[in-house]
Amino acid sequence: MRDRAASPHQGGWTIALIAVALLFMTLFLLLPLVTVFAQAFASGIPAYLAGIADPNALSAIRLTLLVAAVTLVVNVIFGLAASWCLARFAFPGRSLILTVLDLPFSVSPVVAGLMLVLLYGRQGWFGQWLETHDLRIIFALPGMIIATIFVTLPFVARELIPLMQEQGAEEEEAAILLGASGWQTFLRVTLPKLRWGLLYGVLLSNARAMGEFGAVSVVSGNILGLTDTMPLHIRAMYDDYNIVAAFAVASLLACLALLTLVAKTILERRFLGAQREARIA
Amino acid sequence: MPAHVAIQGVSRRFGDYTALHDVTLEIAPGELVAVLGPSGSGKTTLLRIVAGLEMPDRGQVLINGEDNVMRPPRERGVGFVFQHFALFRHMTVFENIAFGLRVRPRAERPSRADINKRVKELLDLVQLSWLEKRYPAELSGGQRQRVALARALAIEPRLLLLDEPFGALDAKVRKELGQWLRELHHGVAVTGVLVTHDQEEALELSDRIVLMSQGRVEQVGTPNEVYTRPRNPFVFEFLGETSHIPCRLLAGALATAGGAQTAQNGVAAAVADGESTLFVRPHDLGLRADPSGPATIRHITPSGPWARVEFLLEGRSLYAALPLDSIAGSGLTPGGTAMPLPRRGVLFADGRGTMDEPLHWAVS
């Protein structure tokens with residue numbers, strides 16, 4: 001209390017500023033979230049459940065989880081490999097790769113989706129070849145996975161590169177001199193050292209993967225019950241004036257996002273703690 | 001069994017920079033050798049090549065007669081203590097020490113009980129049993145250093161390599177740990193190589209010192225040998241503080257500035273007549289107040305039992321270390337003049353190539 005009294009900005013201004021902040025938070029963050037749940041339950045719980053139990057909705061949920069799972073595996077492997085190369089070795093073209101790695105952050109997801117169509121679509125560069133081999137990428141699951149991987153690719157690597165640079169390679173050298181094989185060193189030393197950073201990166205990319213709309217919508221073709229992920233399904237239901245179904249699925253997606261946020265907060269605390277420890281060491 | 005190490009003609013370049021130039025060195029089983037040199041002298045590169053963390057461009061590293069250059073580091077049986085310890089931050093002290101035993105192939109891995117027993121022994125050896133459940137971040141620098149040592153000893157190395165082992169510690173802990181390491185080395189049958197830039201550490205701890213500069217070995221010898229019989233100016237200057245006294249040689253006699261000191265020491269036989277420089281340790285240099293002396297005293301600074309007396313002699317700034325008690329009543333005052341009286345020194349044939357045996361000059 002004494003601290004607050006000593007602050008130079010007291011009285012009316014403080015209260016006004018806090019009020020403005022709270023108003024904006026309520027208007028733009030809290031209220032929309034509440035609306036989602038209010039709309040979802042507007043016609044009662046049975047209607048809500050029906051909206052979710054709809055075969056198309058269930059298929060969209062399954063598809064979202066599948067895309068997210070595949071993306072996660074790819075991101076972990078790519079993120080570890082890329083950050084290891086980029087953090088541990090100096091080679092010509094390294095800074096170029098670092099720049100290209102950020103491309104998915106700066107390119108609009110819709111443009112990303114269109115690029116994939118131009119490459120793999122029927123009229124695209126590889127279209128002819130894919131068609132003769134009877135492979136479908138665009139308007140099918142592979143395209144949606146590729147699009148999702150594209151927009152989420154930098155998350156893990158961007159998290160790990162600074163961490164690996166800060167930690168250096170001495171612990172790995174120590175492990176090898178103590179007789180550990182390359183694989184043992186990776187599993188017992190490198191991976192545990194990076195675990196919080198890795199989890200954090202995975203979580204961020206997962207949140208993005210589940211919520212991705214733009215890139216996926218371009219390549220999916222919105223085939224109901226087949227290439228619909230949750231965000232696409234919500235949009236389709238909403239356009240059909242099926243408000244309750246749309247918001248039922250939306251509430252589910254919101255819950256997933258909230259869960260991710262909670263996990264992220266918990267991780268952030270542990271991760272920052274671990275980093276502080278590392279700096280002392 | 002402690003290793004015999006023979007480093008033969010090892011060279012290593014990093015781009016344009018020559019880290020090691022044709023280094024040859026032999027280390028006897030059970031010896032504790034200090035590789036001493038300024039930063040950039042190649043000493044850490046040499047250590048990393050012996051460990052296998054770095055490849056030489058040329059040359060061989062023989063351990064017990066076997067060439068190790070192509071052998072992977074994990075098979076060398078070398079214990080390595082890193083300058084910043086490189087403890088596994090996510091493992092407890094116990095797990096850090098057990099690591100080298102746990103990663104052995106199943107056929108060679110000791111049983112869980114044996115690992116426990118071995119780690120406990122090592123914890124006792126480094127006097128850290130009470131810290132076994134702590135994480136590295138919860139230890140002091142000296143404790144981390146001892147954990148790093150125990151971890152390296154766990155694999156029963158034939159050869160223990162220490163990279164600036166006390167570099168990250170404060171002066172008091174450094175002294176204590178140094179003595180402790182020396183005793184430990186006597187108790188464990190292992191050949192030790194210690195890299196350091198601290199000449200005191202090298203002189204106090206090692207059986208032999210290897211002096212390095214710019215990727216070359218300058219001199220190898222016991223601490224007493226390199227200190228009392230340095231082969232060249234670099235060795236003399238690196239092993240302690242140095243005052244360079246201008247002197248003249250004439251017909252076998254040496255005269256320091258002012259013409260005060262002369263000595264017949266067979267000087268003429270090895271060094272031609274003319275101007276030269278006598279290398280003197282500050283504590284081997286006396287000063288006598290003298291109104292017509294060539295030295296002008298600038299400052300007198302007490303430092304412990306010594307007084308550091310800075311003076312100008314023929315344009316050079318030099319200093320002598322005199323017992324503090326002797327200053328009072330000596331007549332030495334800042335601004336006054338004095339006669340420098342070197343008691344002992346070394347004469348190098350500077351500019352005329354390094355001599356195998358420099359001249360050691362002393363007032364008889």
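Biologist: How many residues of chain B are in contact with how many residues of chain A?

Modeller: In this predicted model, 24 residues of chain B are in contact with 22 residues of chain A. Contact means heavy atoms within 4.5 Å, so residues that meet that cut-off are the ones counted.

Biologist: What area is buried between chain B and chain A, and what share do carbon and sulfur atoms give?

Modeller: About 2,300 Å² is buried between chain B and chain A, with 61% given by carbon and sulfur atoms. On the chain B side, B:Arg74, B:Arg89 and B:His90 supply 31% of the area buried against chain A, more than any other three residues.

Biologist: What makes the pair B:Arg48 and A:Glu173 a salt bridge?

Modeller: Their side chains meet at 2.7 Å, N to O. The rule asks for a side-chain nitrogen of Lys or Arg within 4 Å of a carboxyl oxygen of Asp or Glu, so the pair qualifies. The count between chain B and chain A is two salt bridges, and there are six residue pairs in polar contact, both residues at pLDDT 80 or more.

Biologist: Which elements of chain B each supply at least two residues of the side that touches chain A?

Modeller: Helix 1, strand 6, helix 2 and helix 4 of chain B do. By class, the side of chain B that touches chain A has 15 nonpolar, three polar and six charged residues.

Biologist: Let's turn to two single residues. How do you know that A:Asn75 counts as buried?

Modeller: A:Asn75 has 0% relative accessibility, and buried means under 20%, so A:Asn75 is buried. This residue is in helix 4 of chain A. Leaving out residues up to four places away in sequence, A:Asn75 touches A:Leu80, A:Thr152, A:Leu153, A:Val156 and A:Ser205.

Biologist: Why does A:Ser205 count as buried?

Modeller: Its relative accessibility is 2%, under the 20% cut-off, so A:Ser205 is buried. A:Ser205 is in helix 12 of chain A. With the sequence neighbours up to four places away again left out, A:Ser205 touches A:Asn75, A:Thr152, A:Phe155 and A:Val156.

Biologist: Where are the domains of chain A?

Modeller: The domain assignment gives domain 1 (8-40) and domain 2 (45-280) of chain A. Their contact takes five residues from domain 1 and 10 residues from domain 2. The C-alpha centres of these two domains of chain A lie 32 Å apart.

Biologist: What do domain 1 of chain A and domain 2 of chain A bury between them, and how much of it is on carbon and sulfur atoms?

Modeller: They bury about 600 Å², 85% of it on carbon and sulfur atoms. The side of domain 1 of chain A that touches domain 2 of chain A has four nonpolar, one polar and no charged residues. A salt bridge needs Lys or Arg with Asp or Glu, and these count as charged, so that side has no residue that could form one.

Methods. Residues numbered from 1 in each chain as written. Chains lettered and ligands numbered in written order. Predicted model: local features only at pLDDT ≥ 70, side-chain atom pairs only at ≥ 80, totals over all residues. Heavy atoms only, no water. Domains from an automatic or database assignment. Buried area = accessible area lost by both parts, 1.4 Å probe. Polar contact = N/O pair within 3.5 Å; in protein donor to acceptor, adjacent residues only side chain to side chain. Helix = DSSP H or I, 4+ residues; strand = E, 2+ residues; numbered from the N terminus. Buried < 20%, exposed > 50% of the residue type's maximum accessible area, 1.4 Å probe, protein only.
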